[in-house]
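Reader: I would like to go through the ligand sites of this model. Please show me how to read them.

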Amino acid sequence: VACVEIRAAGKTYSSARGPVVALADVSMDVAEGEFFSLLGPSGCGKSTLLKCIAGLEGTSTGAIRVRGQGLAGPPKGLGMVFQRDVLLDWRTILENVLITAEFQGLPKAEMTVRARALLERFGLGAFQDRHPWELSGGMRQRASICRALLCEPEILLMDEPFGALDAMTRDDLNVELTRIWQSARRTVVFVTHSIAEAVFLSDRVAMMSPGPGRIVEIVPIDLPRP
Ligand code: ADP
Ligand code: ADP
């Protein structure tokens, strides 16, 4: 079953220097429970495509449906992780993880129990009452993932979440992410410019061309997971 359906999606930004084509013509499906990566060089439109799936940008042409619904703003049941963490420095890690639950008005006591369990699972149990600036880059990104997962999103969108980290931390987090994904099987759309990362993590990889916004090929990956 398709979770995300993209049909002839195009996106042109208007800028001071005139129109910028970010997506030319993209069609693809992401299946329910699939780990799907968008791979391509800088500027090929990966982030734009992810933002369109998230409903943060509208497409200029074509259509995107998430779980059968057309998009008019961010759909429900969506978690997002960005390259740079968006943790608030004046809140503790636990309070940061709870932000989305607060926005949605979910019961605090119950969500706090869940947040603590998630932080524990990501090796941040001892850090939940610390502040973001007391943590390493890798730990901050783990906290960002906890925040995105707290409300049990059906779809997790990740935009180069480990791009700002060193290679070893990145490898560790990739292994962790694979384990989490295997135990929960959410639909994941993952943006990266690293072939190794895409191959390691994904069921399928969409390769985008260096020119503006096209998918050249969608490749199934059939490797044993760790
Ligand atoms: P990637 O994530 O693959 O690096 P992006 O989706 O960020 O690619 O960008 C695709 C193209 O769209 C680039 O040429 C970029 O400069 C342009 N672009 C992205 N966002 C904007 C914007 N808000 N306004 C104008 N141009 C943009
Ligand atoms: P990095 O992102 O710096 O490469 P990681 O996020 O992988 O590091 O963290 C490695 C380990 O180092 C953590 O599990 C933690 O035990 C320890 N650590 C990192 N930063 C701190 C800190 N500010 N205080 C205490 N321990 C820390």
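Author: This is a predicted model. By class, 5 nonpolar, 5 polar and 1 charged residues make up the shell around ligand 1.

Reader: Which residues are around ligand 1?

Author: A residue is counted if one of its heavy atoms lies within 4 Å of the ligand. Here the list is Y13, V20, A22, P41, S42, G43, C44, G45, K46, S47 and T48.

Reader: Which element gives the most to the shell around ligand 1?

Author: That is α1, with 3 residues. Both β2 (18-31) and α1 (46-54) supply at least two residues each.

Reader: How should I read the polar contacts there?

Author: Look for pairs of N or O atoms within 3.5 Å. A side-chain N or O atom of T48 is 2.5 Å from an oxygen atom of ligand 1, and for the side chain of K46 the distance to a ligand oxygen is 2.9 Å. G43 uses a backbone N or O atom, 2.7 Å from an oxygen atom of ligand 1. Taken alone, ligand 1 exposes 560 Å², of which the protein buries 64%.

Reader: Where does the largest share of the shell around ligand 2 come from?

Author: From helix α5 (residues 137-149), with 4 residues. The shell has 2 nonpolar, 4 polar and 3 charged residues.

Reader: What about polar contacts at ligand 2?

Author: A backbone N or O atom of E134 lies 2.4 Å from a nitrogen atom of ligand 2. M139 places a backbone N or O atom 3.1 Å from a ligand oxygen, and T169 a polar side-chain atom 2.5 Å from an oxygen atom of ligand 2. On its own ligand 2 has 560 Å² of accessible area, and the protein covers 50% of that.

How values were computed. Residues numbered from 1 in each chain as written. Chains lettered and ligands numbered in written order. Predicted model: local features only at pLDDT ≥ 70, side-chain atom pairs only at ≥ 80, totals over all residues. Heavy atoms only, no water. Polar contact = N/O pair within 3.5 Å; in protein donor to acceptor, adjacent residues only side chain to side chain. Areas by Shrake-Rupley, 256 points an atom, 1.4 Å probe, with all protein chains shown as cover. Nonpolar A, V, L, I, M, F, W, Y, C, P; charged D, E, K, R; others polar.
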